[in-house]
Structures are given as structure tokens and as C-alpha cells.
Amino acid sequence: MRKIVDSPAQPPAVRQVVVGAEHEGQRLDNFLLRICKGVPKSHLYKAIRAGQVRVNKGRCRAETRLVAGDMVRVPPLRLPAPGTTPPAPPATFPVLYEDAHLLVIDKPAGVAVHGGSGVSFGVIEQLRAARPEERLLELAHRLDRETSGVLMVARSRKALVALHDMMRESQGRKHYLALVVGDWVNDRQHIRLPLLKYLTPGGERRVRVDAQGKAAHTIVTLQRRYGGRYSLVGAELRTGRTHQIRVHLASQGHPIAGDEKYGPDAVRAALAALGFRRMFLHAHRLEIPHPVSGAPLVFESPLPPACRALLDQLEPVQS
């Protein structure tokens, strides 16, 4: 009797993917993240650097902008076995603005904007699950996981390309509110310090002030003092570097309250005793032209209840 054995899983193979009109102008790395769901980002970037990913048979970079009709060579990349990665649960978020090209939501703290780095899914995956009829939903920019507030999502390729250009050229005005440790002195202060990304020995991403880094500019305005222990400040981004506000404020000796990467553990413990268990950084206002019509737009998000409650508890010690 012939022994019956299970057929082995089909090994991954090279794919040739034609770029559709809906992906016109998209960065290569973002395109690959969409069509190679479940593959770690580090694997994709390694494949690009090694020349295994090709556009029209030529070597390319992660930031290469695609054109409709481009042929993208996708190398063999092992995907998770079907069913091992649960789909993102659908979720809705407070909508601040919506039209045919743009969706603006009020992101809560504690939710990543996208999956990756140990996070199975984020805001964008949950939005796609909640809106399966949408042809395109793409992040126009990013907020840290513990940062709340205004987040833009493009609903058309034209809007996405325009918004990415605006973000790259630092167009528009992005305003944040942050509670910092200590007594902030200056009513208005420009922080112009270059920032450099690096990895800790444990492989975690960090940013530090470094002359070899990229130029970064933050304008800080004092809003209110709380007994010399904390200060509420406004921070306007003139550039959009990773962790920019967090590192710039910490570099002045005033880390953001509750910041687990750049702030002291003792402060987080003291805030947790008051019932506050997040970083006090909130994207509360964004002024930007509409990506298609050019009309001026202003989006505002009030401080979340947890942040207001903390300020109320600090009120008795206000100076």
C-alpha cells in the first residue's frame, strides 16, 4: 500500500507586480508593506538594500516613488502561515473632518497608528477593517503610540501624494500641548537642535541630540505653571523628525510627564499614583491647506479627559 503524505506548503516565489493607478506616486516601501502583509518591515528594507527588489528591472531605494505601470519585482518572502496572524478588529474613531479625499480623526493615546514592531495592528488597519468598501486609506503622517490628537488619513492617491509633500516640506502648522517636568522659564523659546536616530543595545529605537543628525526646529510657548513641579507648554513643529518634541524638551531638562523613553521613572510612578498612566503629549491643532482644493483647513482636538483630570489635580499647587 502506498503511503500517503501531506503535500509541503508551496514555497515563496518571485512575483512581478504591476503598479496600478491607485498607487501612483506611492513610496516603494509603503507599497511593499501593503502587498506583503505580515512580512516584518526589517525584512523588506533588507531586501531593498540587497537589490532583491527591482523596479522596471533596475535597483531602487525605499523612497522611490512609483508610477502607474511600473513593474515591481518582489523577491521570495516567507509569509506567516494562514490563520496565524489574526485580522485587525474593526474600530471607529472620533471624526474631526471627512470628505472624498481626506479623513481626520481624533486618535486616542495607547493605540499605534500602524502595525509593526511588536504591534499586530494599529489605527490604519482597524479603519480599513471598519471600512472595507474604501479603495484607499493611507496614513498622511504619524503620531507616537502614546500621543493623542489630530491624525490625517488620505482617502485618495492624489491627496496622499500632496499631503506627503506637505509634510516633507514642513508646510502647515502642527501644534501640540505637553506637560513637562519642572518650571519652564521662557514664555517663548525656539529650540533648534539636530536629531539623530540610533538603536539601543536591546534594539529599541531612540533619538538624541547630535551634530551629525538632521536639522530640527520646535517653538515652545509657556501656557501655565504648576507649583514649580510641572509646566504646561505648547509646542509647534517646524520640522517633523521622529520623537522631535520629546527629545527637544528633554534636552532642556524638562522631559514630558509620563514619557517612558526620555523621562524619569520616578515621575511616571508619581503620576500613576494620581491615576495618570500615559505620556502627556497631545496633537491639539493642525492648520494645513486642503491637499486637493488648497482651501485652508483647521482641525482641533480638545485635551482628553485623562489629561484634564490630571491638571485639575495639580491645580491646588499652581504658582
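Strand β1 (residues 15-18) pairs with β3 in the antiparallel sense over four bridges; helices (H or I, at least four residues) and strands (E, at least two) are DSSP runs numbered from the N terminus, and two strands pair if DSSP finds at least two bridges between them. Within β3, Met71 is the bridge partner of Val18. Strand β2 (residues 54-55) also runs antiparallel to β3, joined to it by two bridges, and here Val72 of β3 is the partner of Val55.

The model is predicted: local features need pLDDT of at least 70, side-chain atom pairs count only at pLDDT 80 or more, and totals for chains, interfaces and linings use all residues. Residues are numbered from 1 along each chain as its sequence is written, and side-chain values use heavy atoms, with hydrogens and water left out.

In a regular strand the side chains alternate between the two faces of the sheet. Buried means under 20% relative accessible area, exposed over 50%, partly exposed in between (1.4 Å probe, protein chains only).

Helix α7 (residues 305-314) has Cys307, Leu310, Leu311 and Leu314 buried. Seen down the axis of α7, these residues fall within an arc of 100° (taken from the directions from the helix axis to the C-beta atoms), so they line one face of the helix. Pro305 and Asp312, on the other side of α7, are exposed.

Ser301 lies in the loop between β15 (296-300) and α7, and is buried, with a relative accessible area of 3%.
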